[in-house]
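I opened the model to look up its sheet, the helices beside it and its nonpolar cores. My notes follow.

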Amino acid sequence: MKRKLRMGMLGGGTDAFIGAVHRRAAFMDGLVELVCGAFSVDPKVSKESGEALFVNPDRVYLTYQEMIEKESQLPADVRMDFLTIVTPNFIHFAPAKMALENGFNVVIEKPMTFSLEEAVELKEIVEKTGLTLALTHTYSGYPMVKQAKAMVANGELGKIRKVIVEYPQGWLSRLSEREGNSGAAWRTDPKKSGKSGAMGDIGTHVAHLAEYVTGLKISELNADLSIVVEGRMLDDDGNVLLRFNNGANGVLIATQIAAGEENAISMRIYGEKGGLEWNQQEPNSLFVKLLDRPVQVYRPGNAYKEPYTLSSFATHNTRIPAGHPEGLLEAFANIYRNFILTVSAKLNGETPTAEMLDFPQVDEGVRGMAFVDKVVESNSSNEKWIKVD
């Protein structure tokens, strides 16, 4: 099979931010074409979005049910191959379930579902159908994050002892949900977002980053959540103490009331032999700090010699020559490309490589929802340390 994969989209109309990000990421490698969509609950916006995106008017739908039903009736060489879901959290599970049960692969925004129970059910459906689900934990797509993961896996830091991950934002320092900000409105509404605000929205990102890079699992946590802005319904600030399944401990901070901050994601990981540091606002630099050596700075696109060579996972996800910044869109595109290469390999009867399979999938989605569940439980419990199964 030598063709582009055909993509459908739920949500992401031209009046929405994240839909455009998904499309730019999906299109970056020329491996995808957008063939259909239900872009908005507003029929007028959906129609206008379809026109602006050059989608056949006959394949611009009013609901996800209509889209999946009609697409499944089209010939195999016409219908969509996968559905991208970029709606608020409470409209994740049902369309993902229906798409998978009708033979369509899925890309879905995080957190994967509204509840842990939905996440577990979705995992069962993915396993039953054998289809592929990608979860857009974007920050794992950066080349230097992948290099950090490879170095930890190779034992270059020794046994991991300490993990510190942070995601400070400042965009909810005011009661923006009552100032006409639609993105703030649904994220702070428990009926649409779920049982957590900041921890569900951005805490899941850094929890995933901690597990992805270290290869460890969060086994216990002790959480303190706050609603700082008066009148808000969900947490906008939180701190979590972590214990990992190898005995390491850690700290996770997720806040949306850090006035003046943008998206200052960072991680510091320390082992017996040394540590490493990475932050998203300077994503091309990975700082490696080994005992009794000067600080080393790894950067993508360089032909370093042994023993400093970049891993195959870092080089597979590097797009441009050394010295040129690779940012969020490229990291996002890496997740899409690896998902697309995996789906294409399966369609061809081939086995995807480890590099192709290096993107967040349904297991990470279940762990993300378990993290949210246990953070909220810990915050409201007298038994502060809660096991994460």
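I count a contact when heavy atoms lie within 4.5 Å. I take angles between N-to-C directions, from 0 to 180 degrees, with axes fitted to C-alpha atoms. The model is predicted.

**Helix H12.** I started with helix H12, residues 362–380. Helix H12 lies across strands S7 (218–226), S8 (237–244), S9 (249–255) and S14. Its direction runs at about 55 degrees to S7.

**The sheet.** Next I traced the strand order. I read S13-S12-S11-S10-S6-S9-S8-S7-S14, an open sheet of 9 strands with mixed pairing. Which strands are the edge strands? They are S13 (296–298) and S14 (386–387), and each pairs on one side only.

**The S13 end.** I checked how S13 is joined to S12 (residues 286–290) and found 3 bridges, with the two strands antiparallel. Phe287 stands opposite Val297 in S13. I then looked for a helix here. Helix H6 (residues 143–153) packs on the sheet. It touches S6 (160–168), S10 (266–271), S11 (274–279), S12 and S13. The direction of H6 makes about 25 degrees with that of S12.

**The cores.** Which residues touch the most other members of the largest nonpolar core? I found Leu252 and Met267, out of 79 residues. Helix H9 (residues 198–214) gives the most to this core, with 8 residues. I listed contacts of Met267, leaving aside neighbours within four places in sequence. Among them are Val145, Ala148, Ile164, Leu209, Val213 and Trp278. I also noted a second, separate core of 23 residues, including Met7, Phe82, Val86 and Phe339.

Methods:
Residues numbered from 1 in each chain as written. Predicted model: local features only at pLDDT ≥ 70, side-chain atom pairs only at ≥ 80, totals over all residues. Heavy atoms only, no water. Pairing = 2+ DSSP bridges. Helix = DSSP H or I, 4+ residues; strand = E, 2+ residues; numbered from the N terminus. Core = buried A, V, L, I, M, F, W, Y, C linked by side-chain atoms within 4.5 Å. Buried < 20%, exposed > 50% of the residue type's maximum accessible area, 1.4 Å probe, protein only.
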